[in-house]
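Please consider the following structure alongside its sequence.

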Amino acid sequence: METFSVYVPKLAPKYEGLVPGHRFCIGCGEALAVRLASKALGRDTVITCATGCLEICTSGFPQTSWNVPWIHTLFENVGAVASGVESGLKAQMRKGKIPEKKINSVGMAGDGGTSDIGLQALSGALERGHDFLYLCFDNEAYMNTGVQRSSATPYGASTTTSPAGKVSIGQKTWKKNLPDIVAAHNIPYVATACPSYPFDLMEKVKKGAETEGPAYVHIFSPCPTGWRYPVDLTVRIGRLAVESGVFPLYEVEDGSYKLNFDFPKLRPVRDYLKAQGRFRHLSDDEIQNIQQRVEKEYKKLKVRCQET
Amino acid sequence: MKEVKLNIDGKRVQAKEGSTIVEAAREAGIRIPTLCHHEGISPIGSCRLCSVEISGDGKSKVVPACTQPIEEGLTVKTTTERVLKIRRRLIDRLLTRAPEAQVVQDLANEYGIKKAKTQDTEQKCVSCDLCCLCVRVCDEIVGMKAIGKPDGEKGNMPFLQNPKACIACGACAYVCPTGEIQMEDVGDTRIIHRWGRQEEYKLKKCSVCGSYFAPEVQLEYFKKKANLPDDYFDVCPDCRK
Amino acid sequence: MAKRTPLEVSVAVAEAAKMADVDVVAAYPITPQTHIVETLAEMVANGELNANYIPVESEHSAMSACLGSSATGARTFTSSAGQGLELMHETLYIGPSSRLPMVMSVCNRALSGPLSVWGDHSDAMAVRDTGWIQVFVENGQQAFDHILWAFRVSEDHQVLFPVMVHHDGFHLTHVIEPITLPEQEEVDRFLPKPRYPYALHPDNPVSMGCYAPPFIYSEIKRAQDEAFRSPEVKQSILKAWEDFGNIFGRYYMPVEAYRTEGAKVLLVTMGSFSETAMVAVDNKRDEGKDVGIIRLRLWRPFPYEEVRDLVKDADIVLVLDRCISPGAQAPVYSEIRSCLYQEENRPQVFSFTGGLGGRDIVVDDFEQMIDKGFEMLQNGSEKEFEIIGVRE
Ligand SMILES: Cc1ncc(C[n+]2csc(CCOP(=O)(O)OP(=O)(O)O)c2C)c(N)n1
Ligand code: SF4
Ligand SMILES: [Mg+2]
């Protein structure tokens with residue numbers, strides 16, 4: 001899909017579910033991703049949103065940036081609220097209280113709202129088989145509250161609660177592999193995406209929305225504020241993450257893995273790390289350590305793609 | 001911009017002056033089926049699936065909703081018996097023309113049409129619905145006019161010869177509603193599948209990272225058009241500093 | 001014709017939800033609520049109830065799913081108790097502030113620790129200020145009736161607040177009582193189909209649950225409180241009881257008086273123990289003592305007028321709480337006391353706490369409380385509160 005790069009942008013859906021006038025930081029990758037996702041979802045969509053940058057930047061009372069019906073309640077319960085939205089609509093349609101219509105129930109949350117505090121609600125909703133789509137906008141920390149670490153923060157990143165210091169390299173744990181955890185629920189569709197690959201992202205969101213049963217798209221969302229890079233580099237940072245194998249783009253359809261972008265040779269992770277302030281302190285040895293880990297994980301993924 | 005009020009299927013709808021019925025309906029969440037329509041390309045109203053019945057001053061007529069501009073006080077009905085009859089006939093014909101196309105099958109399902117009554121034996125292609133979106137996108141958006149118009153008389157496949165001016169940008173594959181045109185990159189080659197042919201285009205390799213990033217014909221065209229230095233595309237955009 | 005049948009109260013509550021034709025039930029099992037949700041799940045499984053039963057993975061998610069469901073305009077029901085209600089805590093504030101109607105039956109249970117599955121009102125008191133309309137019922141019939149009543153009030157466009165119906169764990173949930181079940185046609189007459197005006201639907205997009213910066217948070221909260229204590233909400237509550245009485249023949253009030261005429265000593269109770277207390281009052285009246293009882297039904301919004309009115313001629317008010325507020329006054333007591341404080345002839349108010357964690361309070365206990373009241377009437381009292389039925 002991404003190969004459609006030159007003229008196709010003129011043909012992208014003109015519809016905007018998320019309209020200008022929001023309060024995202026300049027260069028926010030999450031804002032870009034949500035905009036693309038809402039183009040792919042179209043009008044017939046109800047969004048359930050978690051607390052986090054997404055909610056704070058789009059909803060300050062009495063204004064809203066949403067053209068689609070949208071509900072925010074709390075931080076950790078998107079999976080459950082979206083379950084309720086889906087069931088409420090389905091039950092009323094079945095009982096003839098509202099007209100039959102395909103309406104996408106879509107949950108949206110950050111990496112914290114998904115892989116930490118919201119994991120239980122998400123797991124429950126996936127396991128129960130609700131017909132809904134969950135989009136995780138992964139900016140690799142609790143950005144809204146000031147760049148604290150989450151379980152999705154990568155190894156070596158300096159955040160406000162995993163600061164790099166004289167005796168610490170910053171985050172000491174490896175990023176939790178959420179797409180794999182979700183895939184372990186045996187749901188029909190899981191994918192990873194990144195707004196630096198806009199058509200791939202829209203295609204996956206659309207596929208997820210059309211899937212019957214639970215679908216999940218994990219969207220890598222570069223954050224200039226928290227990752228400390230110049231605001232005009234968001235798209236490039238996303239591409240570097242994908243091309244270096246740090247964040248591979250793949251799909252898991254009914255259990256079978258497919259790598260959407262494979263490269264003859266992965267770019268060195270150094271190119272990706274060195275572009276960001278949060279990794280600036282890393283020594284050559286640590287970068288080498290990360291390089292090995294990325295290659296190992298990438299290989300594992302490729303084996304899985306061949307096996308399934 | 002001025003807003004125009006009209007009534008679609010009993011629902012009061014408001015839309016910008018100059019919109020078409022299809023646009024106003026979509027804005028209001030009312031679905032009118034289309035095949036040859038794409039919001040990024042000028043409408044031509046050729047597939048006629050979007051036929052709707054409009055009425056003002058006591059008379060009513062059937063028009064294609066994708067080209068019909070809205071007017072103040074217009075009443076539109078999108079699912080009258082007259083309209084449905086037209087659509088069913090069209091879908092029946094489409095089932096003969098492009099029986100393999102998913103969109104056509106979905107439409108047939110939706111309108112309860114089981115099997116095409118007529119059979120076109122000389123058919124070379126089983127998905128193309130002759131909507132001409134590819135022809136129009138290549139002309140209007142890309143500017144290459146690489147794909148020819150169909151031979152309307154015989155209802156033949158439009159595109160019997162290799163489109164020589166093609167720069168392999170994929171816009172035609174992107175807009176194709178039936179999946180007749182598809183595109184993929186395999187190693188150093190871009191392949192466009194259309195009308196039973198496989199057209200191959202060599203991809204340019206980045207001298208830094210080694211990945212294949214765009215078709216050579218396309219890069220040559222850009223260089224000429226924008227007067228760029230000869231080595232401009234030796235590196236891919238991601239490696240360019 | 002309505003029929004009277006022996007039913008476990010939990011089953012009766014489920015039956016009421018079924019007769020209300022709920023669209024969505026999202027619940028997580030917890031003793032003593034389990035029979036309610038099991039019965040509902042069974043009804044759905046047997047096709048007797050056309051609803052989506054969401055077997056959520058926690059109470060937090062139960063209430064969250066209810067919020068989502070209610071926001072789409074679906075008639076939504078859940079039930080919980082004790083720890084479950086506490087796990088919901090954070091989610092409970094959302095319904096009232098977003099004006100989402102729904103009904104929850106709460107099978108009152110003590111709070112850990114130590115762990116206790118048995119009844120008291122600690123769970124109810126912990127959610128006192130969440131902004132839900134809350135009523136306490138005293139027997140199975142009232143439990144059944146108030147589920148129907150609660151939907152009617154909650155969905156009224158003048159109201160649009162969620163409603164909790166509190167009924168005591170075990171003392172009510174697990175007993176079998178003769179319950180009069182109405183005809184479906186009567187229920188339909190009482191309870192019109194819901195038409196939530198702001199439902200989440202693409203035809204009319206709304207943003208729900210926007211955050212409020214300091215410049216407007218106070219205004220929003222004031223608006224919520226004003227609506228909650230408005231005459232319109234009160235009217236709706238009263239009208240629903242009146243219509244209920246007219247159709248089903250059973251009438252209810254925010255505060256119910258029993259033998260209060262000329263009473264110098266008044267007991268104040270809430271929930272199933274009220275019926276035991278009424279027996280004690282009868283006994284004492286037989287002995288010639290001027291004692292009565294007032295039973296609080298409507299707990300939120302608090303019925304200040306009604307309480308003041310019923311208490312105005314009493315000298316001693318004895319309030320029974322089934323909840324402890326460590327280091328402070330018991331909640332119902334403190335509410336009643338503050339309600340009466342501005343009155344010119346305010347009575348003396350005394351606090352009894354008892355019935356914690358399933359401990360019974362029997363007729364004898366109530367008689368002793370009443371005796372203590374009369375003693376106070378004569379000699380006054382040094383103490384302001386006493387915990388009853390506890391071994392030393
Ligand atoms: C129960 C609860 N705990 C903590 C918070 C504070 N909080 C709000 S948003 C947030 C972090 C959000 O992080 P993430 O989900 O990654 O979204 P982001 O802002 O990074 O997009 C936290 C900790 C809260 N609102 N609720
Ligand atoms: S902090 Fe990061 S994620 Fe949040 S709005 Fe700013 S750039 Fe976007
Ligand atoms: Mg985050």
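Chain B contains six helices and nine strands. The model is a predicted one, and in it the C-alpha trace of chain B spans about 70 × 50 × 30 Å along its principal axes. Chain B has 241 residues, of which 49% count as buried. When contacts in chain B between residues at least 6 apart in sequence are considered, 51% of them join residues at least 24 apart.

Two loop residues of chain B deserve attention for their backbone angles. Leu130(B), a residue other than glycine, has a positive phi near 60 degrees; it is placed in the loop between helix H3 (102–110) and helix H4 (133–142) of chain B. Lys145(B) likewise has a positive phi, near 45 degrees, and belongs to the loop between H4 and helix H5 (171–175) of chain B. Because its relative accessible area is 59%, over the 50% cut-off, Lys145(B) is classed as exposed.

In chain A, helix H7 (residues 198–210) has 13 residues, and the 18 Å from its first C-alpha to its last is close to the 18 Å expected at 1.5 Å a residue. Its buried residues include Phe199(A), Leu201(A), Met202(A) and Val205(A), and also the charged residues Asp200(A) and Lys204(A).

Helix H3 of chain C (residues 59–71) can be examined in the same manner. Its 13 residues should span 18 Å at 1.5 Å a residue, and its end C-alpha atoms are 18 Å apart, so expectation and model agree. H3(C) is mostly covered, with 13 of its 13 residues buried. At the start of this helix, a side-chain oxygen of Ser58(C) comes to within 3.3 Å of the backbone nitrogen of His60(C). After H3(C) comes Gly73(C), with a positive phi near 95 degrees.

The second largest pocket holds about 850 Å³ of space. It is lined by 30 residues, and the closest to its centre are Ser97(C), Ser98(C), Gly209(C), Cys210(C) and Ile220(C). Helix H5 (94–98), strand S9 (207–208) and helix H9 (214–228) of chain C each give two or more residues to this lining. H9(C) provides the largest share, four residues. By type, the lining divides into 16 nonpolar, eleven polar and three charged residues.

Which residues does Val165(C) touch, beyond those up to four places away in sequence? They are Met104(C), Ser105(C), Val106(C), Val135(C), Val137(C), His146(C), Ile147(C) and Ala150(C). Val165(C) itself lies in strand S7 (residues 163–168) of chain C, and it counts as buried because its relative accessibility is 0%. Although Val165(C) and Arg297(C) are 132 residues apart in sequence, their C-alpha atoms are 9.8 Å apart in space.

Ser274(C), in helix H11 (residues 273–286) of chain C, also has a relative accessibility of 0% and therefore counts as buried. Its side chain reaches the backbone oxygen of Gly271(C) at 2.8 Å. Neighbours within four places in sequence aside, Ser274(C) is in contact with Glu138(C), Thr269(C), Ile293(C) and Arg295(C).

Notes. Residues are numbered from 1 along each chain as its sequence is written. Chains are lettered from A and ligands numbered from 1 in the order in which they are written. This is a predicted model: local features need pLDDT of at least 70, side-chain atom pairs count only at pLDDT 80 or more; totals for chains, interfaces and linings use all residues. Side-chain values use heavy atoms; hydrogens and water are left out. The expected span of a helix is 1.5 Å times one less than its number of residues. Buried means under 20% relative accessible area, exposed over 50%, partly exposed in between (1.4 Å probe, protein chains only). A polar contact is a pair of N or O atoms within 3.5 Å; within protein, one must be able to donate a hydrogen and the other to accept it, and residues adjacent in sequence count only if both atoms are side-chain atoms. On a 1 Å grid over the protein atoms alone, a cavity is a set of points where a 1.4 Å probe fits but cannot get out, and a pocket is an open set with protein on both sides within 12 Å along at least five of seven lines; lining residues have an atom within 4 Å of a point. Grid points are joined across faces, edges and corners, and a volume is the space filled by probe spheres set on the points. Contact means heavy atoms within 4.5 Å.
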